[in-house]
Amino acid sequence: MTRHQQVPVGPGTVIAAAIAAVITVLAGCVALAPMARAATLTQIGNFGANPGNLQMHLYVPDNTAANPGILVAMHGCNGRATDFHRQTEFASLADRHGFIVIYPQATKSINGMSNCFDVWSNEALQHGGGSDPVSIVSMVDYVVQRHNADPEKVFATGFSSGAMETINLLATYPDVFKAGAPFAGVPFGCLGPPGCGDRTPQQWGDLVRNAYPGYTGPRPRLMAWHGTADDVLNFSMLQKEIDQFTNVHGISQTPTSTTSPQSGWTRRVYGSGQVEAYTINGAGHNLPHPGMAAHAISFFGLDDGSGPGPTPTVTPTDPPPGTDGQIRGVQSGRCVDVPNAGTSDGTQLQLWDCHGNSNQQWTYTSSQEIRVYGNKCLDAGGSGDGARVQIYSCWGGDNQKWRVNSDGTIVGVQSGRCLDAAGSGNGAQLQIYSCWGGDNQKWTFNPS
């Protein structure tokens, strides 16, 4: 892959130099194994007002929700909508969850770069100003009208230039877009004068507010991703995005929680979840990596609770009735069991014939913990498919919090994945796994 210069970030940055650095990593850098699917990507000819002269590519899964949500997914400079569709996981997630994906094709060229989204012109930086944002809003309107989509479930995501346009849309059309997930982007207004240099959070926030003067409605939520080794768009851009949108939301620049969803990832949550930031240690200008898209989809609320996602704001309440005693598997008829009545942290749980002993007695608390022995918690040892479920001393972490649902599933708050039995016989181990509706993921609490 050809290397490119880093975006200048000092005062007086010129637009041409900044755009020259916004080279998209080409196909191989974000390539994933293509997913087999029956639905196909379709180019739409006349979708409405198109001052940006964009092309619209539309992915409608075979089974959409009754009022599907809409995701606008945007490639980077030198990229193509068809490749972004093929090389990312958004379409396969749409197949799973029933939302619709719009893949705009950018057409702007500057300094030898082609297919860049406009995030620098006066028209692009103002609500109703014209250029690419108006074209993209036309695409959204088309899908709302033609596919009975829900206008309250419209979201944006993208990489590099597409990440910049994601933030641009959140600033210029907060009445249309409810949230965005930029992968390796910059704050709104960064490519206009005086550039991407240091500003206070208030100054960054003012750029957003001035994009739509007089707007008083709710502001979109933001989930921003950036690699620490990005040599095209400096990692410092992530903090500027955080400063900008925490200020826009009127919340503190100090995170309310900091966690590590998996090795090499740091997730910071601000306020009650209005802003999230993911630092990917050692990653370059090549996001999203496999698995990241599912976190964005869950952040948007476009999944059905089966994908990884943000920790919901939880108000402690009395636990649901009947959530005390043995936890019995619907498929196996066996109970969640601590092997040999062990008490050591890290002991992996299993299925075993139900009996009345203390190593099968569980209590669901108002803090969403599932406790055994009074002081050990049902604990997910990771957040991905196949992560072990064990007991561990209770400490209040999100990996020890669970949603006990009326359909029989027990879903991890941190991972969004289901408590899953990897078999049905005595000794079958427990894990978390993407929810799919099988009886090995359904449980009942039974007084013993």
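1. Contact here means heavy atoms within 4.5 Å, and buried means under 20% relative accessible area, with exposed over 50% and partly exposed in between (1.4 Å probe, protein chains only). Helices (H or I, at least four residues) and strands (E, at least two) are DSSP runs numbered from the N terminus.

2. This is a predicted model, in which local features need pLDDT of at least 70 and side-chain atom pairs count only at pLDDT 80 or more, whereas totals for chains, interfaces and linings use all residues. Residues are numbered from 1 along each chain as its sequence is written, and side-chain values use heavy atoms, with hydrogens and water left out.

3. Helix 8 is mostly covered, with 12 of its 14 residues buried.

4. The length of helix 8 (residues 236–249) agrees with expectation, because its 14 residues should span 20 Å at 1.5 Å a residue and its end C-alpha atoms are 21 Å apart. The expected span is 1.5 Å times one less than the number of residues. Just after helix 8, glycine 250 has a positive phi of about 70°.

5. The structure holds 8 aromatic pairs. Rings of Phe, Tyr and Trp (its six-membered ring) pair if their centres lie within 6.5 Å; planes under 30 degrees apart count as stacked, over 60 as edge-to-face and the rest as tilted. Phenylalanine 183 and tryptophan 225 are stacked, at 5.2 Å centre to centre and 25° between the planes. Because phenylalanine 183 lies in strand 8 (residues 179–183) and tryptophan 225 in strand 9 (residues 221–227), the pair ties together parts 42 residues apart in sequence. Both phenylalanine 183 and tryptophan 225 are buried.

6. Tryptophan 265 and tyrosine 278 have ring centres 6.1 Å apart and planes at 80°, so this pair is edge-to-face. Tryptophan 265 belongs to strand 11 (residues 265–270) and tyrosine 278 to strand 12 (residues 275–280), 13 residues apart. Tryptophan 265 counts as buried because its relative accessibility is 5%; for tyrosine 278, also buried, the value is 1%. Ring pairs link Phe183, Trp225, Trp265 and Tyr278 into a cluster.
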